[in-house]
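Let's take a friendly walk through a protein structure together. Keep the picture open as you read, and find each residue as it is mentioned.

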Amino acid sequence: MRTVPSIIHLDMDAFFAAVEQASKPSLRGKPVVVGGLGGRGVVSTASYEARRFGVHSAMPMAQARRLCPNAAFLSGRFEAYRANSEIVMGLLRERSPLVEPLSLDEAFVDLAAGPYGPAFDEVTPAEGAQRVLALAEDLRADIVERTGLTASVGAAGSKLMAKIASEQAKPDGLVLIEPGSERSVLAPMPVRALPGIGPATEQALRRAGLTTVADLAEAGSDELVGLLGKAHGTGVFRMALGWDERPVVADRDAKSVSVEDTFEVDLADRDRILREVDLLAARCVRRLRATGRSGRTVVLKVRRFDFSTLTRSETLRGPTDDEDVIAATARRLALGVDVTGGVRLLGVGVAQLADFTQEDLFAQAEREELAAVAAAVEEPAAVAEEPEAPAARRWWPGQDVTHRQHGPGWVQGSGVGRVTVRFETPWSGVGRVRTFAVDDEELTASGALPLREPEA
């Protein structure tokens, strides 16, 4: 374990919602909810103003609307989130080559591996801690200057404690946990504070009378191994003592989670094959979630009657652990495979894993697009024979647009053939609202603007 708390964990505050507020002056200081706006949509991120009403991530959007009806409900803008994530990650890499991103808005950084590392060896642990605090404060200030967004930072001697420190720092704060104080900091926390302890593990520990991290430390390794198994029990015990020697890893090896079945009789019916793909996808997602991971690439494996093996894959726009999206993608891959003669083996996997299971907009967008495609396929044949009318353009709440006369703005809402736009930019004041026909030729979709005004 380190004597200087030179590992930091950075977590952007309500990132998606904060980007929307920074982009739209009229929403600053007001509740904002970002997520899927369809019937099955869920909240991806809620601003702190919305959280005061009980809105939180992974909540059904319908429930969020009941709790906070006056919030701005936006569909999300991946381009803007990626662009600002790249700025933040670039600032982290200026501090150290060892930056381990966990998602668009979260990362570990090993400051000891960067240009300031040698200075830590020349000072006392107390002086080293003060230098880490100064570096972290400078980092947070640079993020505000470049993006206008705030971040919470935790500093400690290990990744485990840095993550816990950043949770304590939220929102817009900085917490440092000094090496050697890990057990005293952890002791009063509930067992769920430790990564890898989910609801099922928590219940198993609660039945044994173990509710705090101090209880886990006192129980000892043998009891925890008996309750949770060797690997998990040993890992939980080490975390309860504050032991964590995991390094910050900049380049992570590509790994995958997969399941497969070999059938006693070759499958020749395509509907049966698709049902098996659905079952395999469900099992794969359960295994994926059990590891606390999400993934970006869906992989289908097919072994045919002649033992030839085919592999097909599709990469999504972002990591997900959403069963509907993974199953639908695997089915789409299966439809493209020739199964004439029968199938001996099927497998479904997820690769390009990420260490987070955030209920993300990427999965919701994929799901809503799949639903739209399915609805189109289910249209009666008679309808298809009628002359096609020009497709009405679709406008999404929060979407960036530009009007030939009024300039850049964003969609507040649309319906009954009209679209309402507020014309403002990240660096303007609150803009005016105007309404247009949805097919107004002077109104076009546009890219996201930077949060800071470009220099002339």
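Thr211 is partly exposed, because its relative accessible area is 33%, a value that lies between the 20% limit for buried and the 50% limit for exposed. The model you are looking at is predicted. To find Thr211, look in the loop that runs between α9 (199-207) and α10 (213-219).

Which residues does Thr211 touch, leaving aside those up to four places away in sequence? They are Met189, Pro190, Val191 and Arg206. Take Val191 from that list: 20 residues separate Val191 from Thr211 along the sequence, yet in space their C-alpha atoms are 5.8 Å apart.

## Ala62 in a helix

Now move to Ala62, which sits in helix α3, covering residues 61-67. With a relative accessible area of 46%, Ala62 is partly exposed.

## The whole protein

Time to zoom out. The protein contains 16 helices and 17 strands. It has 456 residues, and 47% of them are buried.

How do contacts link parts of the sequence? Considering contacts between residues at least 6 apart in sequence, 63% connect residues at least 24 apart.

Terms used
Residues numbered from 1 in each chain as written. Predicted model: local features only at pLDDT ≥ 70, side-chain atom pairs only at ≥ 80, totals over all residues. Heavy atoms only, no water. Helix = DSSP H or I, 4+ residues; strand = E, 2+ residues; numbered from the N terminus. Buried < 20%, exposed > 50% of the residue type's maximum accessible area, 1.4 Å probe, protein only. Contact = heavy atoms within 4.5 Å.
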